[in-house]
Amino acid sequence: MMDITQLGSLMAGVMFIAAVFQQWLTEELGDLLRRYFHKLVNYLFPDIHITFHEYQGDRFERSKAYVAIERYLSANSTDQAKRLKANVIKDCKSVVLSMDDYEQVTDEFKGRHIRWTSSKNIIRQPPLFSYRSDDEKRFYKLTCNRKDRDIITKDYLQYVFDEGEDIAIKTRQRKLYTNNKAESDGGWRSMRTMWSHIVFEHPSTFDTLAMDPKKKEEILNDLITFSESKDYYKKVGKSWKRGYLLYGPPGTGKSSMVAAMANLLEYDIYDLELTSVKDNTDLRKLLIETSSKSIIVIEDIDCSLDLTGQRKKNNDKKEEKDPLAKKMEEKDKDNKGSEVTLSGLLNFIDGLWSACGSERLIVFTTNYVEKLDPALIRRGRMDMHIELSYCCFEAFQVLAKNYWNLESHELFATIGRLLEETNMTPADVAENLMRKSKEDNAETCLIKLIKSLEDAKSKASTDAKVGED
Ligand SMILES: Nc1ncnc2c1ncn2[C@@H]1O[C@H](COP(=O)(O)OP(=O)(O)OP(=O)(O)O)[C@@H](O)[C@H]1O
């Protein structure tokens, strides 16, 4: 191997000869020489090194590339590294392991070999500043063959960053956001609605949801197809979002389904309280602040705002009003009203800003689907309408399995017959199956459920008779 001065002289020589003979060189001969020159450099210096520093500029925010590489290496190559460092990363539900200093791991991508080294530079503080500790600058160094440079810098690094991001999503703590009206002395006008969050840890899953199995399968397929269709949505020119309308009587599992959806797709939830939103502009700001991979839920949308009445109110505004009445109305609005309109909400669902961030579900829940403005729930906005209804026998079987790990019992037949004869919500069935004292067991709970079903049945027939009279 040559040292650097020898190589320098060699290169200078080659360039001098090339310059002298340039006029006689044909294009083909020039290309050939260039190729041999590259081969020579590759032979002499076969590897290239790329470094990724932990901090770039800002000492408080770790570089995204560094964090992605750390996650990727911890998930893929930990068995090769002899020592691992445990890092607690903000908003991550588990510790992230990464290579210890000066450890090396190898990786392979499309037949190419890559070597990663974890390293650090220590910048010693001059004695004058002995009160300051030495500055450590960590970095990862990637080493690969020079001839693989293009594939490594384009395809491989993109792959590492994507994988790192996927791991981050899988290991992150998911959040449940709610919007609050920020308190302010300046009154309603200067209020700004903000998201605040807590960690989302709801245990509901599609396995624990009690509902018609065919319907459940259909919803599951729809959600999984959606989450895997990034390229498809791009190809057809639609923003990557999907709307679900969940409707049915109280206690049939609408909120439980939203939680199950979030758990299935590992999304965050934004629980949007429309009555706390000042106006359409405020709504837009809130939407822009939501992140990708999330569900935006508006529960009981029929109660949220008088969306159809809002249009009427706006027309009324144009008429002349007594100044005092106007002032009172204004004050009333300041205290509790919201100026979100139906068109504002429609823009929220399918306006241009709704494409920001992407990969989002919008879910409305309601007990009274017939009360909603058809424009709000037409197909294309709310792509899937899901009715959650009273407990059927299959739904009861799921609950019996959840609460008592029961697959069959001699009382199941009676319960099945009674569920066909009377309406009881899954919430009420669950309440009967719930263990409430040490004496409770599967059989006592099933008997309790039968008694409740019989009571509900006789109450329904008495009510029907009263209605006839
Ligand atoms: N389909 C279901 N599967 C499993 N559990 C259910 C189901 N429906 C209701 N439950 C139980 O009843 C409780 C209340 O259900 P949930 O809040 O999901 O109903 P909801 O339809 O959203 O009611 P509301 O319309 O009043 O908001 C849940 O915590 C859950 O334990």
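1. Basis. This is a predicted model: local features need pLDDT of at least 70, side-chain atom pairs count only at pLDDT 80 or more, and totals for chains, interfaces and linings use all residues. Residue numbers start from 1 along each chain, as its sequence is written.

2. Overall fold. The protein chain has 17 helices and 13 strands. These are DSSP runs numbered from the N terminus (helices: H or I, at least four residues; strands: E, at least two). Of the 469 residues, 22% count as buried. Buried means 20 or more other C-beta atoms within 10 Å of the residue's own, exposed means 12 or fewer, and partly exposed lies in between; C-beta atoms are placed from the backbone. Among contacts with a separation of 6 or more, 74% join residues 24 or more positions apart. A contact requires C-beta atoms, placed from the backbone, within 7 Å.

3. Main core. The largest nonpolar core holds 56 residues. Val258, Ile295, Val297, Val363 and Phe396 touch the most other members. Helix α7 (residues 254–265) gives the largest share, 6 residues. Such a core is a set of buried Ala, Val, Leu, Ile, Met, Phe, Trp, Tyr and Cys residues joined through C-beta atoms within 7 Å.

4. Val297 and the second core. Which residues does Val297 contact, leaving aside its neighbours within four places in sequence? They are Val258, Ile269, Tyr270, Asp271, Leu272 and Val363. A second, separate core has 13 residues, including Leu142, Ile152, Tyr156 and Val160.

5. Ligand shell. There are 15 residues around the ligand, and Pro250, Gly253, Ser256, Pro426 and Ala427 come nearest. The elements giving two or more residues to this shell are α7 and α16 (426–433). To be near, a residue needs its C-beta atom, placed from the backbone, within 6 Å of the molecule. By class, the shell has 7 nonpolar, 7 polar and 1 charged residues. Here Ala, Val, Leu, Ile, Met, Phe, Trp, Tyr, Cys and Pro count as nonpolar, Asp, Glu, Lys and Arg as charged, and the others, Gly among them, as polar.

6. Helix pair. The axes of α14 (residues 393–404) and α16 come within 10 Å and cross at roughly 35°. Axes are lines fitted to C-alpha atoms, for helices over the stretch in contact; angles run from 0 to 180 degrees between N-to-C directions. On the α14 side, the contact uses Ala395, Phe396, Leu399, Ala400, Tyr403 and Trp404. On the α16 side are Pro426, Val429, Ala430 and Leu433. The contact residues divide into 10 nonpolar, no polar and no charged.

7. Positive phi. Lys110 is not a glycine, yet has a positive phi of about 45°. Lys110 sits in the loop between β4 (104–109) and β5 (112–123). Lys110 is exposed because 10 other C-beta atoms lie within 10 Å. Glu266, also not a glycine, has a positive phi of about 60°. Its loop runs between α7 and β10 (268–271). Glu266 counts as partly exposed, with 13 C-beta neighbours inside 10 Å.

8. Loop pairings. Arg172 lies in the loop between α4 (149–171) and β7 (175–181). Arg172 and Glu266 are 94 residues apart in sequence and 9.2 Å apart in space, C-alpha to C-alpha. Arg172 has 17 C-beta neighbours inside 10 Å, so it counts as partly exposed. Glu201 is in the loop between β8 (193–199) and α5 (213–227). Why does Glu201 count as exposed? It has 11 C-beta neighbours inside 10 Å.

Methods. Contact = placed C-beta atoms within 7 Å.
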